[in-house]
Structures are given as structure tokens and as C-alpha cells.
Amino acid sequence: DKSQRSLASNNDIQPGRIRDSRLVFTPNRTATYRARVTTARPGKTGRYRIRVRRVSLPGLSIEEQEPIAAAYHHLGQSHLAIPMWELIHRSRLNRLGASHPETIKIVRQLAIEHAFADQCKKAVPYFEEVHRQTQKADTTQVEKFLATLNYACITWGAGLYDKSVSLMESALKIIPEKLPERARWFVFSMDESLPPPDKRIFKRAMKAMADLHDGVLKRAGRSNKLNLTIWATRSMMTIQDGGWVNLNEISSLFEATLNRYHPHAVALRINLLLSTRQAGEWKKLMQNCKIVAAILGDVHGSDDLRVLEVQCEQVFALKNMKSFTAAVSQIKDTHERLTRAHSEHWLLFRAKSLYGECLTEQKKMEQAESLLLDGYNGLKARVEQIPAHRKHLVRDALERVIRHYKARGKNDKAESFIQERQ
């Protein structure tokens, strides 16, 4: 535990035979636990992986598992919550039937869980089922409206643009006269990471979202949580369309109305980060990076990939501000964390490329060359793993290599990479 007291151990060392040593440990309280591994042959090097493969809760009834699944959800541990919700759903389905409100409630929770885990395509059938059951059941206009709006958002996130816009337009026809202060299961899923659809669909979506925003604003007021979510989604779509929106006001309202750790508030902060980057507001970008990294670090830990990616954006801002000493200090730490925790992830190679560029500016050419080449080659080899909206990082890394060789007067090497670019 934190005080270095040993709580459980397993010494099954048999050199050359046991390659999968397992330890069962059941904590009796919530805390931070550490695992220590020693090798059969001290002094020898090697790579070892430690992971929590299964969290099991033996002897608990379905009713007892539901609050635990909810706790995992609130902690942001969707990968642990989903299997439990699936078990609860099967039980409710067999016992109560598909159209029972308690069954629909769990289907809705599975939909939300997959959406929060950025698994839009897996979430679609759950949102579809909730929408179908809600439309045919004896439910309120508010529930019908929210089910339609959720389904529209998740289909957009999954790249089903025609379906999404049709659902948005359907939602416009059923906006209730009164909306609740807290729309409990509205999901913010208009995902900027997907390639944009054709202009015709995008313009239809922009109009529908603007009309939804105006309609909800009239019925619910400016500080209503549902209005804030639609307002934020509309703003993000404006950014996607090449426009500039000042999101500070919406972000402040979100954090005041919910809290800074709420998934909607965090998503909005990230959109604010993206918009300042797009506008070339480097000082604001750096400030937002610090805020987002702190929030994500509190929730997920300092070695989480989301935290490290935001730190790379912070380095990008410092570099553009010509603060190369601060940039090197930050990227060195980020690079070490990625090397230790995510040695095969593409983000490590983006960090190498940024690190190499910063060292080039400091005239540390030999060290910079190695990092730049490793970064470019690593990104190129992992291009299929890089999200569509980030694939430009491969070309950015190539441009850094070319600039490096030109700065050193090695035009023949620069030319070979220019040929590769063409």
C-alpha cells in the first residue's frame, strides 16, 4: 500500500517455466495499491507487463451489483462498469421483459457507458433500443424528446450522418413546452475526431442544431443543463466548420452549473483547447492545456494517455511561443512517462518528434536528429492506429526532419525526405 506495507505476495519462481505469475488480492477498502515485481535472475534485464485482468465480486446478488456498477460509472471506470451493466441487463430482460421501465433504464445506462468510453459504434444499438421502446411506450414528451436527441448525437459520433440529421429534425417536432432542469442522460457525442460529412449534410446539421438551441433556450432558460449541452455542441460544430467561437462563457457556465470534473464540462474544456489551437492563440492554448491536464490527471492519473496528449499540446504551444527551454523541460517529462507506460503507442513517437524539434532550436543537433527520425518512422509505421483527425501528425513529423537537415546544411538528406513527401 502507500506506506510500502506488503498486503499480498506470490513467490512461484521457476526459471524458464512460469511466464504468467498470478496474484489474487481482494482489497477491503478503496485506496491506491502498488505492485512490485522481481525477477528470477537478479541483474538480468527484460520487459514485464503488470495488469489487472479481472475485477470480480463473488457472492453479490444482481441488486447488490447495481450500485457498484454506478460507482464505477461515476469514477470514470467504464471498462469495469460495462460487464456489470450487461449482467444486470440480462437478468432484467429475462425477468421483466424488454419493454419494462427497469429494463429500459439499464439499456440506457449501457448506452451512456459506451458513449463515455468513446465507443460510439457499440453504443448505437443501445440508444436505438431506448429510442424504440420510448417512442412506443406510454412515456412523456420529455422522455421521447431526450431519447431522440441522444440517438441523433450518438449516430453522428458513429459516422451515420444522414440518420443523425433526420433524428435531429425529428427532435425539433417534439420539443416539449417544459423541459427539466436536469436532463439526466443527455450525452455529448458530436465527436470532432470523425471526418466531417459532405457540406450538404453538415449544413443541415448546423441548421437543426441552431433550431434546437433556440427552441430549448426559449423553454428552459440559459443556464439549463440541456441548453448548455446543445449550445456547446452547436459551438463545436461551428469550430469544425472553420468558424471561431469564444467558448469561455459556455465553459464557465458548465463548470458553475455542474462541476469541473463532469464529462460534459471536461468535453467542453477540450473543445475550448481545440478552438484556441485552431485560432493560433498560443498563450490561451497553454493555459487551457494546464487546466485540462490537471482535471484529467485528477480523474485518470498522471500517466493516462489523455493527460500525456494534452501535455504534448502544451509543448506545441510553448514551441510556437518560442519558449524552447520550458518546452524541452515539459516534453522531456512527457517523453519519459510515455516510454515507461506506453512504449508502443503512436503518441510516444509524436512526443519524440516534438522533442527533436525543440532540441534543434537549441542547436543540439545530434540528439535532435535521432529523436526526429525515430518520431517520424514510428508515426509512419503506426499510421493505421492514429485517429483520422490526427493523421496530419505524420506529415508534421516529416516536415520537422526536412527543416532539421536544411538547418544543418545537409541538403542531400533533406532532398531525400522531400521526395518522400511528394
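A residue counts as buried when its relative accessible area is under 20%. In this predicted model, Phe202 has a relative accessible area of 4%, so Phe202 is buried. Trp156 has a relative accessible area of 2% and is therefore buried as well.

The structure contains 5 aromatic pairs. In one of them, the ring centres of Trp156 and Phe202 are 6.2 Å apart and the ring planes stand at 55°, so this pair is tilted. Trp156 belongs to helix H5 and Phe202 to helix H7 (residues 199-220); the pair joins distant parts of the chain, 46 residues apart. Through ring pairs, Trp156 and Phe202 form a cluster together with Tyr161.

## The Tyr405–Phe417 pair

Tyr405 has a relative accessible area of 2%, which places this residue in the buried class. Phe417, at 14%, is buried too.

These two residues form a stacked aromatic pair, with 5.9 Å from centre to centre and 15° between the planes. Tyr405 is part of helix H16 (residues 392-407) and Phe417 is part of helix H17 (residues 411-421), so the pair ties together parts of the chain that are 12 residues apart in sequence.

## Packing of H5 and H6

Helix H5 spans residues 141-157 and helix H6 spans residues 161-173; their axes lie 8 Å apart at an angle of about 160°. Because of this angle, H5 is roughly antiparallel to H6. The two helices cross in a left-handed sense.

On the H5 side, the contact involves Phe145, Thr148, Leu149, Tyr151, Ala152, Thr155 and Trp156. On the H6 side are Tyr161, Lys163, Ser164, Val165, Leu167, Met168, Ser170 and Ala171. Sorted by class, the contact of H5 with H6 has 10 nonpolar, 4 polar and 1 charged residues. Trp156 and Tyr161, both listed in this contact, are also members of the ring cluster with Phe202.

## Packing of H2 and H3

Helix H2 (residues 78-96) packs on helix H3 (residues 101-116) at an angle of about 160°, with 9 Å between the axes. H2 and H3 are therefore roughly antiparallel, and their crossing is left-handed.

H2 contributes Ser78, Ala81, Ile82, Trp85, Glu86, Ile88, His89, Arg92, Leu93 and Leu96 to the contact. H3 contributes Glu102, Thr103, Ile106, Val107, Gln109, Leu110, Glu113, His114 and Phe116. The contact of H2 with H3 consists of 10 nonpolar, 5 polar and 4 charged residues.

How values were computed: Residues are numbered from 1 along each chain as its sequence is written. This is a predicted model: local features need pLDDT of at least 70, side-chain atom pairs count only at pLDDT 80 or more; totals for chains, interfaces and linings use all residues. Side-chain values use heavy atoms; hydrogens and water are left out. Axes are lines fitted to C-alpha atoms, for helices over the stretch in contact, and angles run from 0 to 180 degrees between N-to-C directions. Helices (H or I, at least four residues) and strands (E, at least two) are DSSP runs, numbered from the N terminus. Angles under 35 degrees count as roughly parallel, over 145 as roughly antiparallel, 65 to 115 as roughly perpendicular and the rest as oblique. A crossing is left-handed if the near helix is turned anticlockwise from the far one by less than a right angle, and right-handed if clockwise. Contact means heavy atoms within 4.5 Å. Ala, Val, Leu, Ile, Met, Phe, Trp, Tyr, Cys and Pro count as nonpolar, Asp, Glu, Lys and Arg as charged, and the others, Gly among them, as polar. Rings of Phe, Tyr and Trp (its six-membered ring) pair if their centres lie within 6.5 Å; planes under 30 degrees apart count as stacked, over 60 as edge-to-face and the rest as tilted. Buried means under 20% relative accessible area, exposed over 50%, partly exposed in between (1.4 Å probe, protein chains only).
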